[in-house]
Amino acid sequence: MKIAVLPGDGIGTEIVAQAVKVLEVLRSDGLKIEMEYGNIGGAGYDAEGDPLPESTLALAQASDAVLLGAVGGPQYDTLDRPLRPERGLLRIRKGLNLFANLRPALLYPELASASTLKPEVVSGLDIMIVRELTGDIYFGQPRGISTLANGEREGINTMRYTESEVRRIGRVAFDIAMKRNKKVCSVDKANVLETTELWRQVMIEVARDYPEVELSHMYVDNAAMQLVRAPKQFDVVVTGNIFGDILSDEASMLTGSIGMLPSASLDENNKGMYEPSHGSAPDIAGRDLANPLATILSVAMMLRYTFADEASATRIENAVKQALVQGYRTGDIHTEGTNRVGCNAMGDAVVAAL
Ligand code: NAD
């Protein structure tokens with residue numbers, strides 16, 4: 001199994017180093033994995049003048065899975081848009097045809113007090129957000145900023161989805177629901193946006209193939225509200241690219257910290273890119289403060305979804321749980337009475353638990 005390792009920028013290098021330690025343990029226990037490093041984001045721009053160098057895309061395409069840290073940093077914010085780190089991320093998703101983004105929001109009992117919501121609202125929370133990743137207003141043409149005849153500037157982006165794009169993400173969501181609590185909530189804005197009216201129609205069609213799964217629909221504004229009012233009503237949430245971007249960050253905060261949340265982006269053959277849900281956190285980068293658990297849990301997702309190795313995935317998840325039970329906490333999830341540690345020591349705690 002070949003894994004492309006792309007640490008990226010900011011805390012990316014620190015958190016990926018911990019995930020690699022975990023992979024090394026599995027390798028020494030007999031798992032056949034090969035890892036090769038590549039540049040992406042600002043690191044790609046610095047080294048090769050491109051946020052997604054050709055060599056990195058080729059490496060990712062030749063690998064079975066990609067482990068990514070994070071990209072971005074204030075020093076790149078003034079670059080031309082195509083050279084910015086985030087563009088590298090959009091391009092690799094597109095280049096690998098990663099259309100399905102899975103973001104679990106799961107609350108570990110040990111962290112119930114780290115959530116800003118009352119423990120009774122969030123304890124036992126286990127949501128899977130399935131976000132479409134290659135379409136929608138992030139990619140639709142026309143786009144850009146132009147100047148009108150009267151001299152005023154105008155910004156344009158285009159929301160669009162084809163029926164087949166909606167159908168394939170719908171299938172991913174229903175397949176996952178079949179392995180969970182058999183509930184799918186499709187989030188749209190069908191009362192205002194025609195693109196999402198089509199989204200709703202197609203979801204209803206997909207649901208016919210899954211008679212055991214209960215499909216419900218919710219407008220995105222209501223979904224944003226329900227996520228903080230009564231989040232446990234959700235099992236699988238499926239939605240488009242922009243709504244999913246926002247709702248999955250909101251759901252992540254229910255669990256206490258974005259530093260706990262892994263993600264997987266899959267193509268049609270379960271090849272995937274695995275990365276934490278958070279960004280490069282320039283405010284804490286290089287200071288051994290980052291929480292590496294989201295990245296380590298992303299490795300667990302890699303083993304489960306790409307390598308179909310449920311035993312190793314569970315082994316990693318249990319090691320993370322054990323490190324939390326033992327009281328280890330990075331700053332973002334630290335509460336009184338627990339043992340505050342840095343990124344590296346948290347990685348060591350998981351390795352020890354493994
Ligand atoms: P961010 O997720 O990097 O940080 C938001 C806040 O959460 C910060 O206070 C940060 O310190 C904290 N945080 C994030 N991850 C953490 C971790 N593992 N442990 C402890 N604390 C953590 O989002 P942002 O500040 O909006 O963006 C910073 C940069 O990251 C920008 O350049 C942005 O474009 C980029 N970004 C990249 C990705 C990605 O690579 N997938 C995603 C989002 C943002």
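Gln-75 is exposed, with a relative accessible area of 53%, and that is over the 50% cut-off for the label. You'll find Gln-75 in the loop that runs between β3 (65-70) and α4 (85-95). Keep in mind that what you're looking at is a predicted model.

**More on Gln-75**
- Along the sequence, Gln-75 and Gly-42 sit 33 residues apart.
- In space, the C-alpha atoms of Gln-75 and Gly-42 are 8.7 Å apart.

**The chain as a whole**
- The chain holds 12 helices and 14 strands.
- Its radius of gyration is 20 Å, close to the 20 Å that the globule rule gives for 354 residues, so the chain is as compact as a globular protein of that length.
- If you follow the C-alpha trace along its principal axes, it spans about 60 × 50 × 40 Å.
- Buried residues make up 54% of the 354 residues in the chain.
- Take the contacts in the chain with a separation of 6 or more: 75% of them come from residues 24 or more positions apart.

**Asp-188, a buried residue in a strand**
- Asp-188 belongs to strand β8, which covers residues 183-188.
- With a relative accessible area of 0%, Asp-188 counts as buried, because the label applies to anything under 20%.
- The side chain of Asp-188 makes a polar contact with the side chain of Arg-200, at 2.8 Å.
- A polar atom of the Asp-188 side chain also lies 3.1 Å from the backbone nitrogen of Ala-190.
- Once you set aside neighbours within four places in sequence, the residues in contact with Asp-188 are Thr-196, Trp-199, Arg-200, His-217, Met-218, Tyr-219, Val-220 and Phe-243.

**Glu-205, a partly exposed residue in a helix**
- Glu-205 is part of helix α7, made up of residues 194-207.
- Its relative accessible area is 30%, so Glu-205 is partly exposed.
- Not counting residues up to four places away in sequence, Glu-205 touches Glu-163 and Arg-167.
- Glu-205 and Gly-38 are 167 residues apart along the chain, and their C-alpha atoms are separated by 41 Å.

**Around the ligand**
- There are 20 residues around the ligand, and those that come nearest are Glu-86, Gly-279, Ala-281, Asp-283 and Asn-291.
- That shell of residues divides into 9 nonpolar, 7 polar and 4 charged.
- Glu-86 has a polar side-chain atom 2.4 Å from an oxygen atom of the ligand.
- At Glu-275, an N or O atom in the side chain is 3.4 Å from a nitrogen atom of the ligand.
- Ala-281 takes part through its backbone, where a polar atom is 2.8 Å from an oxygen atom of the ligand.
- Taken alone, the ligand exposes 800 Å², and the protein buries 67% of that.

Conventions: Residues are numbered from 1 along each chain as its sequence is written. This is a predicted model: local features need pLDDT of at least 70, side-chain atom pairs count only at pLDDT 80 or more; totals for chains, interfaces and linings use all residues. Side-chain values use heavy atoms; hydrogens and water are left out. A residue is near a molecule or strand if one of its heavy atoms lies within 4 Å of it. A polar contact is a pair of N or O atoms within 3.5 Å; within protein, one must be able to donate a hydrogen and the other to accept it, and residues adjacent in sequence count only if both atoms are side-chain atoms. Accessible areas come from the Shrake-Rupley method with a 1.4 Å probe; for residues, only the protein chains shown count as cover. Ala, Val, Leu, Ile, Met, Phe, Trp, Tyr, Cys and Pro count as nonpolar, Asp, Glu, Lys and Arg as charged, and the others, Gly among them, as polar. Helices (H or I, at least four residues) and strands (E, at least two) are DSSP runs, numbered from the N terminus. The radius of gyration is taken over C-alpha atoms; the globule rule is 2.2 Å times the number of residues to the power 0.38. Buried means under 20% relative accessible area, exposed over 50%, partly exposed in between (1.4 Å probe, protein chains only). Contact means heavy atoms within 4.5 Å.
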